[in-house]
Every structure is written in structure tokens, then in C-alpha cells.
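Me: I would like to go through some ring contacts and pockets and learn how to read them.

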Amino acid sequence: MSVQLELKPDWARVAFPDAKDGGTRYADYHYFWLRHNCPCLNGCRHPTTKERTIDAAAVPLEIRPLRASTTTTGDGQDAITFVWAPIATKDDSGNLAVLDESEHISTFPVQWLRDNAYGANRTETHPLPPHDAALVTIDYKEFAAKHADSASSTDANTKLTLEGSVLYKAALYDSLSKYGVAVIRNRGSSTEDIIYDFIDASAEVIPTHFGRIEHLRTDNVENANNDQLGYTNAAVRLHTDQCYLDNVPGFQFLHCIRPADVGGDNYFVHAESAANYLKTEVSRRAYDLLTSVPVRFDRKQSKFQALHVSPILRLSDEIDEQTGERKLAQVRYSYFTQAAQNNVPFSELREWYGAQQVWDKLLYRDDFQIKANLESGDVVIYDNMRVLHARNGFTGPRHMAGVYLDTSDLWSHLGQAKEQAAAL
């Protein structure tokens with residue numbers, strides 16, 4: 001029997017090329033399941049009875065192998081070997097102790113893996129969210145170098161020719177439609193001009209209780225209701241904006257007027273992809289809880305209050321043709337406006353908190369995040385229904401201008417450019 005091994009971020013796929021029709025062609029195995037079922041006689045099975053001695057509670061759910069490879073057993077069977085870092089297990093006195101080893105080796109006969117395949121021929125899987133900043137980065141300077149309209153440019157903003165503007169906006173369309181976020185380098189210093197990169201001149205931005213344009217800085221004097229985290233130098237963890245409103249703004253862009261002296265970097269997670277990954281790769285039960293249990297998002301400020309109740313993951317009525325399930329419509333997530341959870345029975349609250357913690361741990365993995373350090377003149381725009389955003393704490397006079405945009409206005413404007421670009 002020949003076998004192929006593919007290591008994924010959270011599980012391994014074993015392919016069995018000699019599978020017969022209707023048989024197990026491949027199977028997926030969680031790493032924690034593999035570590036718990038290690039057949040070795042060096043701490044995992046009793047050397048005489050061969051019974052399991054390792055406790056499931058001793059295996060971290062986030063465990064990953066150091067490496068793995070196909071091999072053969074001493075009696076010539078095809079096998080797969082996984083090499084792990086040591087973990088703490090209970091000794092004969094019931095105390096946790098790390099085995100005296102630099103690495104732990106688990107060798108599984110391929111036939112045993114096939115016989116115990118619980119994830120056989122899985123079809124619904126999802127990749128990791130995009131996490132390479134280069135995928136979403138657009139350098140305005142490159143467009144200006146080829147398509148600058150010198151007659152109408154100003155010190156604050158280099159204008160593009162009509163053709164250059166169409167190509168630039170088509171690139172924005174591509175990045176936002178595929179990834180939900182675009183980082184625009186060297187855009188310029190005029191926030192007002194940048195607004196019309198995304199919407200028609202006849203359209204308007206969405207004003208909020210903060211004002212038309214937010215000036216996110218610690219010495220803010222322009223905006224109303226600035227008694228909130230965004231106007232401090234504290235870290236602001238991953239969230240979507242305005243969760244406490246019935247109709248949240250579809251898009252927001254942040255224009256860097258001045259970066260912080262230290263810190264203040266932005267990072268983003270494509271939450272729609274993260275939710276799909278949660279559903280098929282990590283915990284279907286957590287996904288079901290986050291799509292069904294309502295959460296109260298309550299914004300309380302000295303001169304403003306608003307409340308909205310919704311699950312963190314809101315499903316639409318549209319059915320996915322491949323899965324037969326309802327599609328995800330919106331991610332609504334804001335830890336700083338999330339009110340106390342008081343509508344879950346006592347015996348079920350721990351499970352709900354566990355689901356939220358599983359979700360949170362995914363979001364803060366490096367392979368889930370796009371990181372962007374914005375300099376003066378840079379812009380980042382993101383889909384507030386599908387993308388979470390955050391910033392690190394900082395020192396120094398950091399200044400970001402924040403603007404909310406209507407979804408239909410944006411797609412209408414950029415969609416026209418996309419069509420025009422195709423005709424060039």
C-alpha cells in the first residue's frame with residue numbers, strides 16, 4: 001500500500017491511492033486525536049497490557065507535530081510517524097510531570113489509520129483566512145508614476161488620469177471583493193479627496209454620533225462622544241464597528257495622518273473565512289452556538305446610548321448550494337460594547353463561553369491575521385460586515401481619520417470602474 005501525507009495547520013490528511021470504489025480514498029485526523037492515540041509503550045500505553053495510560057486532558061487541543069513522515073514498521077507495514085514536543089502527563093502519584101525526552105514519537109500503521117478513519121472522504125473544508133499583507137496592498141505611487149494628471153494634482157493629492165483612476169479603482173474592487181480589505185500605500189494627505197476613491201461625487205459618507213469624519217487621536221477636539229477607546233492610546237482588540245446599531249455601516253476606511261512614535265500597528269482578520277474555518281475545521285458546535293445565541297451590544301456613553309441584540313455570527317436566508325446550509329450574512333463582534341450575557345441558562349453558559357473562547361483563539365493566531373503598519377498618507381479600507389480590525393497600543397501623537405461608507409455606494413462606484421477597466 002502506498003500512502004500520501006499532507007500536513008494542514010490543524011490536522012493531517014492521509015491519502016490512500018489504492019482505495020477501491022466507495023472506499024476510503026483519504027481521511028483527515030486532528031493532531032490532538034493522533035497524540036492521544038499514540039501507540040507507543042513509552043508513556044502512552046502500558047508495556048505489558050498495551051492499554052492506554054495517557055489522559056485525554058493531558059493533550060493540548062492546539063498541539064501540532066514538530067514534523068511527520070511516511071515510513072514502515074519493523075514488520076514491514078506502511079506507517080506514518082509523527083514527532084511531538086513533550087507534554088505533561090500524570091505520573092503514578094497523579095501529579096503532572098513532563099516525560100524525560102526531547103521529542104515524543106508516534107508511529108501509526110496505515111491500516112490502523114484507515115480502520116479508524118473518522119474524517120473519511122471529507123468534502124466541506126475551508127482554508128485559512130488570507131494573512132499575507134502583500135495580497136491586499138496597492139501602491140498608489142505606482143499608478144501615479146504611470147498615470148499622473150499633473151494639471152489637476154495638488155500638494156496634498158496626486159490626481160490620476162481617467163484611465164489611471166479606472167485601473168486604480170479596479171484594483172480596489174478586486175482586493176475588497178476577494179479579501180474584504182485593501183491597504184493603499186502613499187495615497188496622499190487629503191482625506192476629503194480620498195473619500196471619492198470609493199464613492200461617487202454625488203454620494204455622501206455615513207455620519208455617526210461621532211461626526212462625519214472621526215479623528216482618532218488622544219487630543220481629539222473635533223468629534224462628539226469621544227469618551228471611548230478609539231480616542232485613547234490603549235490597544236483596541238479585534239472587533240467590527242457600530243455593533244450596537246440596527247444597520248451598521250458597510251465599509252470604513254482609516255487614513256493615516258500621523259503614525260505613532262511607537263506601536264499603533266493595525267491588524268485585520270477576514271472574519272467570514274474565520275467563521276467558515278471554525279465550522280468545518282475546529283468546532284461545529286461552537287459555530288452553531290455563535291450563530292444562534294443572541295448577544296446584547298450596548299454602547300453607553302455620557303451623551304449617547306444604543307442597544308442591538310444579535311448573534312455574533314448572523315446567518316442569511318440564502319442557501320449555499322454546495323452545503324445546503326444558510327450562508328453567513330454578517331459578523332457582529334465587539335468585546336468593548338458586549339453587555340453581560342444574561343439570556344443563557346446557567347447550565348449552558350460555560351459552553352457558550354467556551355465557544356467564544358475557541359473563536360477568539362482562532363482570531364489571534366498569526367496565520368489568521370493581516371498586519372499593516374500605516375505611515376503618513378497610507379489608507380486601509382475594510383468591509384465592516386466581514387472583516388475584524390484592531391490596533392496595538394501606542395505612544396506619541398498618532399492620528400487616524402476614520403470615514404464610514406455605504407456598501408451599495410461603494411460597490412456601485414468601484415463596479416463601474418471594474419467594467420471600464422475590462423474594456424481598456
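Me: Which residue lies over the face of Phe394, and at what distance from the ring centre?

Reply: Arg398 does, at 5.5 Å from the ring centre of Phe394. A charge sits over a ring if NZ of Lys or CZ of Arg is within 6 Å of the ring centre and within 35 degrees of the ring normal. Arg187 likewise lies over the face of Tyr140, 4.2 Å from the ring centre. Note that this is a predicted model, in which local features need pLDDT of at least 70, side-chain atom pairs count only at pLDDT 80 or more, and totals for chains, interfaces and linings use all residues. Residues are numbered from 1 along each chain as its sequence is written, and side-chain values use heavy atoms, with hydrogens and water left out.

Me: How many aromatic pairs are there?

Reply: A pair of aromatic rings is described by the distance of the centres and the angle of the planes. Rings of Phe, Tyr and Trp (its six-membered ring) pair if their centres lie within 6.5 Å; planes under 30 degrees apart are stacked, over 60 edge-to-face, the rest tilted. The count here is 20 aromatic pairs. One of them is Trp33 with Tyr118, tilted, at 5.0 Å centre to centre and 50° between the planes. Trp33 lies in helix α1 and Tyr118 in the loop between α2 and β9, so the pair ties together parts 85 residues apart in sequence. Helices (H or I, at least four residues) and strands (E, at least two) are DSSP runs, numbered from the N terminus.

Me: Is Tyr118 buried or partly exposed?

Reply: Buried means under 20% relative accessible area, exposed over 50%, and partly exposed in between (1.4 Å probe, protein chains only). Tyr118, at 40%, is partly exposed, while Trp33, at 19%, is buried.

Me: What is the volume of the largest pocket?

Reply: Rolling a probe the size of a water molecule over the atoms shows where empty space is left. On a 1 Å grid over the protein atoms alone, a pocket is an open set of points where a 1.4 Å probe fits, with protein on both sides within 12 Å along at least five of seven lines; lining residues have an atom within 4 Å of a point. Grid points are joined across faces, edges and corners, and a volume is the space filled by probe spheres set on the points. The largest pocket holds about 600 Å³. It is lined by 20 residues, and Leu61, Glu62, Val282, Val358 and Lys361 are the closest to its centre. Helix α8 gives the most to this lining, with seven residues.
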